[in-house]
Amino acid sequence: MNAMRTIRANHRRQYFQRMKSSWQQYTLILPAIAAVFLFHYIPIYGVQIAFKDFRNLIGIRGSEWIGLNHFQKFIEYPMFWSILKNTVVISLYSIATFPCSLIFALMINELKNGMFKNTVQMLTYAPHFVSTVVVASMVMLFLNRESGVINHVLSAFGAQRQDFMGVPEYFSSIYVWSGVWQELGWGTIIYLAALSSISPEMIESAKIDGASRLKIVRYINLPSIMPTVITLLILRTGSLLSVGFEKTYLLQNSLNISSSRVISTYVYEVGLLNTQYSYSSAIGLFNNVINIAFILIVNGISKRVTQVGLW
Amino acid sequence: MKESRNDVIFSVVNKLAIFLLTLVIIYPLFFIIIASISDPYQVSLGNVLFFPKGFTLEAYRNVFEEKDIWIGYRNSLVYLLAGTSYNLLLTIPAAYVLSKKNLPLRDAISWFFFITMYFGGGLVPTYILMRDLKLLNTPWVLIVGMGVSCYNLIVTRQFFSSSIPDELYEAGKIDGANDYVMFARIALPLSKPIIAIMALYYGIGHWNSYYNALIYVQKNEFFPLQLVLRNILILNQTANSAIEYSSAMEGEALLEAARRTYMANAMKYALIFISSAPMLIAYPFVQRFFVKGVMIGSVKG
């Protein structure tokens, strides 16, 4: 027993010794720690206003605790289910388009290296670099009832012109498919990197055994990159309740609001436009906690079933 | 080995599908360009689909006259340069330190950063902090506010630990170099690619973001380009498009109003092109850096 204790004490002393001798390294990382502490951790401390009746004049610490009132208020709010539904619908819809990049990557991988492949990659990556504001305004210009190019094409084929942005039912499709347009090419990079590490011998020997190219894609390429696919899918599923604020807010208008009001835009509406600080923080926290629970559950299931997890 | 008939068919179909898909993806960007240099009337009639018609640069001339756009352009450039330098000064040394495997407390510090990817204070607590720090309505909030992106930190750390062999540091130690010297003389000279990648990642983040400005900045003089764009493209706040149709209008006035609406749309196309031009011009040259960044990040470490 005593011997154990001495060994442990020795270890601890060595550890402190190592820490001491690494002080220069700590000073190199200190600015980053300080910045993250200031801009990330202090707001986390401020999250307590979700449980308080926050008054500007009294400040965060002085305001009165009121428990879960704000959470209750949100759940009992008549629009609660509609907001939650919109968020989940848009999110599930975009998760459903998750395989698009994967399929596109498998297709590109079948191309021989050369001009054509390079050009395809360069052109399809480009939309990733277009800003959200520009994407949203492109969507609005193209879908415009009178002057939009899509309506021109529709009416050329004899179909009715439509005010796409004004119909709530179209909102999720517009949101999701403009996202697919932006990320389809860019999303292939990570799969192509994984595909490039498959050993050529394996593919050669499958060819000698008479496997067709489609079979090679199906039985060698796809299974080899499954760990990457699953990791990305976990990450994607983990953000089920976080439909991004930026694009949603830009595409939102008074006509489609019934299906475009999601949690993140509601947090903004309530918090900054109506200055109900505590209530808005409660909704944000509610959202964040569910997201974390979700990613832990998905990660746990995935580890059990496929032995692949984030950590 | 001779390819079987099925494989040849597969190859042709695959190539054709990719070709069509690429056309569909690039068409919207192509359309923006041709629409911006065409006669606005022809565009709104739908006569411009594949080629510009009635070539004119009037839309560009009108855009150049909008003062807000140039202020936004200048502001965004300042935020980009100052913000990116600040981000790099924080990220590169931190990633270097985290790449040292036998650093005491390394895991704890990693988690300190890692947690911020999943949990944060959210909109209002961050807003209150910025207000208390007196950063609202100042350019500083857009420069300093972004700090360190945990994802970028992980990518950079991955680069350091996979591409700089420990032996180099060992050798440095034997020569009596301290950690500052090792960082500046060994790690930095070997990390030019990752610095370029990070500069691009952070830079594009600054150039394209409107969220922080929307929330923290109300003064026009500090608006970044994206916020100016939003006001013009999404909210239609320009002198040009302010005139709407009204039933009382007749003849000349109606024509004039219609002409202005067409011009407002043409200006939008021109503006989209102008605002994205720096990126689209630089893009073919820097594309490989971006791709490399994703590749480094994809190795789990």
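Predicted model: local features only at pLDDT ≥ 70, side-chain atom pairs only at ≥ 80, totals over all residues.

Visitor: Why is helix 8 of chain A called roughly parallel to helix 13 of chain B?

Guide: The two pack at an angle of about 10°, and their axes are 10 Å apart. Angles under 35 degrees count as roughly parallel, so helix 8 of chain A gets that label relative to helix 13 of chain B.

Visitor: How many residues does the whole contact take from each chain?

Guide: It takes 74 residues from chain B and 72 residues from chain A. On the chain B side, helix 1 (residues 5–36) gives the largest share, with 14 residues. That side divides into 46 nonpolar, 22 polar and six charged residues.

Visitor: What makes Thr275(A) count as exposed?

Guide: Count its neighbours: Thr275(A) has 12 C-beta neighbours inside 10 Å. The cut-off for exposed is 12 or fewer, so Thr275(A) counts as exposed. You'll find Thr275(A) in the loop between helix 17 (263–273) and helix 18 (277–306) of chain A. Its phi is near 45°, a positive value in a residue other than glycine.

Visitor: And how do you know whether Lys134(B) is buried or exposed?

Guide: Try the count again: Lys134(B) has 10 C-beta neighbours inside 10 Å, so Lys134(B) counts as exposed. Lys134(B) is in the loop between helix 6 (123–132) and helix 7 (140–144) of chain B, and its phi, near 60°, is positive in a residue other than glycine.

Visitor: Now for the inside. Which residues have the most contacts within the largest nonpolar core?

Guide: Those are Val139(A) and Ala94(B), in a core of 110 residues. Helix 8 of chain A supplies the largest share of this core, 10 residues. Leaving aside neighbours within four places in sequence, Val139(A) is in contact with Ile174(A), Ser178(A) and Leu251(A).

Visitor: Which residues does the second, separate core include?

Guide: That core has 16 residues, among them Trp181(A), Leu184(A), Ile190(A) and Ile25(B).

How values were computed
Residues numbered from 1 in each chain as written. Chains lettered and ligands numbered in written order. Axes fitted to C-alpha atoms, helices over the stretch in contact; angles between N-to-C directions. Helix = DSSP H or I, 4+ residues; strand = E, 2+ residues; numbered from the N terminus. Parallel < 35°, antiparallel > 145°, perpendicular 65-115°, else oblique. Contact = placed C-beta atoms within 7 Å. Nonpolar A, V, L, I, M, F, W, Y, C, P; charged D, E, K, R; others polar. Buried ≥ 20, exposed ≤ 12 C-beta atoms within 10 Å, placed from the backbone. Core = buried A, V, L, I, M, F, W, Y, C linked by C-beta atoms within 7 Å.
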